[in-house]
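Here is a short briefing on one protein model. Look over the sequence and the fold before reading on.

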Amino acid sequence: PYLLVVINGETGCITKFYDKINKKDWAAKDGNFGGYSYVIHGKERIIQYLKDFAFDLEDWYLADNGRPGYPGISDQIYRAESTVVEVKNLDGRGTAKVTWEMPAESISDYGNAPTVTMVVSLAEEAGYVDITYEVIDKRETPFVESGHFVFALNAATPQYTIQKMGAVIDPDTDIQYGANTSLYCCDRWMTVSDGGYGIAFLPKDTPLLSIGDNRIYIYAKDYKPQKPVLYWNAFNNQWGTNFPQWIGGSFKYEFRVYPFVGTWNEAGVPKLAEEYATPL
């Protein structure tokens, strides 16, 4: 009675995320809602970041933030090569499991996982959708890489709110000029509103978020999102201090997605997010 979710059998992405109560489809027309993207970042991107971010080109800065000796490759973007979708309905709950097999080159030459799965779960009497991803047997690589779960939204006049460290911020207005405008750390929830309707994303395992495009190794002093596309970061190895530079293994990520009407406060999004993060 609440939601309709349609999945493309060829791409495995969600092509319709329809709020039946408010008659609003949140999936963008290009069909990349819920997809997985793996990117190898090239040398030109890294050099441009060093130029944009630096106030002085000291040796330590270049070594710590750059990649000395990095090969002269360009950005490589990989999405699924083949897709299998399995649908099950049992005891008032429906699930669709999408299995993506990734391109061989992204596995053998770089560090992509051979297989990534997405399970979309919808209960009969629930006004939300649970989405679980698994990145299976990811390989280590010294190349600069990032993996994202991408949600392209149907929003003509998007407004964003991100909850972090007990506060709620609007990335368009509440970030100091010259600070980090590319990557936001979402503590419990974030919302996108469009004309009185909203959608809330509750990430359990992916606090790092970019809006508009993949912002790994990109710095701008006053970036404003131009497109309503959410990039939830599953992993990256940009930073050289206090972070692993080789990422391997199998990983699981969970989201809950709520459509609503009115403001995030009127819809009680903080309460919904807290109940999801720390259930009784």
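The points below cover the whole chain, then one residue.

This is a predicted model. The protein has 280 residues, and 49% of them count as buried. Its secondary structure comes to 4 helices and 18 strands.

**Overall shape**
- The C-alpha trace spans about 60 × 40 × 35 Å along its principal axes.
- The radius of gyration is 19 Å, which agrees with the value near 19 Å for a compact globule of 280 residues.
- Take the contacts in the protein with a separation of 6 or more: 65% of them join residues 24 or more positions apart.

**Surface and charge**
- The side chains include 25 positive and 36 negative ones.
- The centres of these two charge sets lie 3 Å apart.

- Start in the loop between β9 (129-138) and β10 (145-152), where threonine 141 lies.
- Threonine 141 counts as buried because its relative accessibility is 2%, and the cut-off for buried is under 20%.
- Its side chain reaches the backbone nitrogen of phenylalanine 143 at 3.2 Å.
- Leaving out residues up to four places away in sequence, threonine 141 touches Tyr38, Tyr110, Gly111, Asn237, Gln245 and Trp246.

Methods
Residues are numbered from 1 along each chain as its sequence is written. This is a predicted model: local features need pLDDT of at least 70, side-chain atom pairs count only at pLDDT 80 or more; totals for chains, interfaces and linings use all residues. Side-chain values use heavy atoms; hydrogens and water are left out. Helices (H or I, at least four residues) and strands (E, at least two) are DSSP runs, numbered from the N terminus. Buried means under 20% relative accessible area, exposed over 50%, partly exposed in between (1.4 Å probe, protein chains only). A polar contact is a pair of N or O atoms within 3.5 Å; within protein, one must be able to donate a hydrogen and the other to accept it, and residues adjacent in sequence count only if both atoms are side-chain atoms. Contact means heavy atoms within 4.5 Å. The radius of gyration is taken over C-alpha atoms; the globule rule is 2.2 Å times the number of residues to the power 0.38. Lys and Arg count as positive and Asp and Glu as negative; His and the chain ends are not counted. The place of a charge is taken as NZ of Lys, CZ of Arg, CG of Asp or CD of Glu.
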